[in-house]
Amino acid sequence: MVASVLKTQSFIIFLILFFITIITSFSRLTVAYEYSELFGKYISPSSLGLKREKLSHLHFYLHDVLSGKNITGIRVVDGKPSTNRSSQFMFGDVYVIDDPLTIEPDINSKTVGKAQGTYTVASQGELSLLMVTNFAFTEGKYNGSTLSVLGRNEVLSTVREMPIVGGSGIFRFARGYAQVRTQSINQARAIVEYNVFVFHYR
């Protein structure tokens, strides 16, 4: 009889402790959720005025001028000292650019924006650049909007691709890629054709 009572009491104590543990854990989860709601929560795209996605194609030419008049690209870090340089581009070189974007290969044709950012010579073999660049557009419905490029640019390849990783203005939440072809290149300047395909919201 005594043993039965003790077992019953032990079971009741176990149940009480079990429910206390469950309630405490639930309270902690609730508090943690409430704290997380202070800085992040799910929202509907429509709350930002976003409608359905569309795919846009942009076509333009980039002009990178490294010497002569109206320089648009400047080397700010030397990969090797000038006394040991064997070419314009050496591993470790970093350039800052403010390159015009035009609708034709001629630099004097209509300007539609600027390529602003940096590129780094990131290969010890072929001429390969790490591009960290914003396309800042100044024409038409794209005026004031930007697209951001982050990727590898193997300059001497006939065609290469670089990812579009974001944007602003009309290109908020943008994603896509840029298909790139070099029109001409020498020690002084380069003319590069860009075909950009990008998803973004209306």
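Author: The model is predicted, and local features are taken only where pLDDT is at least 70. On that basis the chain has one helix and nine strands. Read from the N terminus, the order is α-β-β-β-β-β-β-β-β-β.

Some totals for the whole chain come before the detail. The chain has 202 residues, and 33% of them are buried. Among contacts with a separation of 6 or more, 47% are between residues 24 or more positions apart. The accessible surface is about 12800 Å², with 60% of that area on carbon and sulfur atoms.

The largest nonpolar core has 32 residues, and the members that touch the most others are F60, F135, F137, L147, Y194 and V196. At least two residues of this core come from each of β1, β3 (94–102), β4 (111–121), β5, β6 (146–154), β7 (160–168), β8 (175–185) and β9. The contribution of β9 is the greatest, at five residues.

L147 shows what such a position looks like in terms of contacts. Setting aside neighbours within four places in sequence, L147 contacts T133, N134, F135, F137, I164, G166, G167, F171, A174, V196 and V198. Of these partners, F135, F137 and V196 are also named with L147 among the core residues that touch the most other members.

Aromatic side chains make up part of this picture. Eleven aromatic pairs are found in the structure. One of them joins F60 and F137: the ring centres are 5.9 Å apart and the planes meet at 70 degrees, so this pair is edge-to-face. The label follows from the angle, because planes over 60 degrees apart count as edge-to-face. F60 belongs to strand β1 and F137 to strand β5 (residues 128–137), so the pair ties together parts that are 77 residues apart in sequence. F60 and F137 are both buried.

A second pair, F135 with Y194, is also edge-to-face, at 5.2 Å from centre to centre and 80 degrees between the planes. Here F135 is in strand β5 and Y194 in strand β9 (residues 189–201), so parts 59 residues apart in sequence are tied together. Both of these residues, F135 and Y194, are buried as well. The two pairs belong to one aromatic cluster, made up of F60, F135, F137, Y142, F171 and Y194. F171 from this cluster is also listed among the contacts of L147.

The surface has nonpolar side chains too. I71, I74, V76, V77 and V96 form a nonpolar patch there, and their accessible area together is about 410 Å². Strand β2 (residues 73–77) gives the most to the patch, with three residues. I71 is in the loop between β1 (53–65) and β2. With a relative accessibility of 44%, I71 counts as partly exposed.

Charged side chains come next. Side chains of opposite charge can pair when their charged atoms come close. The structure has six salt bridges. One of them is between D78 and R75, at 2.5 Å from N to O. D78 has 41% relative accessibility and is therefore partly exposed. R75 is also partly exposed, because its relative accessible area is 29%.

Another salt bridge joins E126 to R152, with 2.7 Å between the closest N and O atoms. This pair links distant parts of the chain, since E126 is in the loop between β4 and β5 while R152 is in strand β6, 26 residues apart. E126 counts as partly exposed at a relative accessible area of 35%, and R152 does so at 47% relative accessibility. R152 also meets E154 in a salt bridge, at 3.2 Å from N to O. E154, with 26% relative accessibility, is partly exposed.

Notes: Residues numbered from 1 in each chain as written. Heavy atoms only, no water. Patch = residues over 30% accessible without salt bridge, like charges linked within 9 Å, V, L, I, M, F, W, Y side chains within 5 Å. Areas by Shrake-Rupley, 256 points an atom, 1.4 Å probe, with all protein chains shown as cover. Salt bridge = Lys/Arg side-chain N within 4 Å of Asp/Glu carboxyl O. Helix = DSSP H or I, 4+ residues; strand = E, 2+ residues; numbered from the N terminus. Buried < 20%, exposed > 50% of the residue type's maximum accessible area, 1.4 Å probe, protein only. Phe/Tyr/Trp six-rings, centres within 6.5 Å; stacked < 30°, edge-to-face > 60°. Contact = heavy atoms within 4.5 Å. Core = buried A, V, L, I, M, F, W, Y, C linked by side-chain atoms within 4.5 Å.
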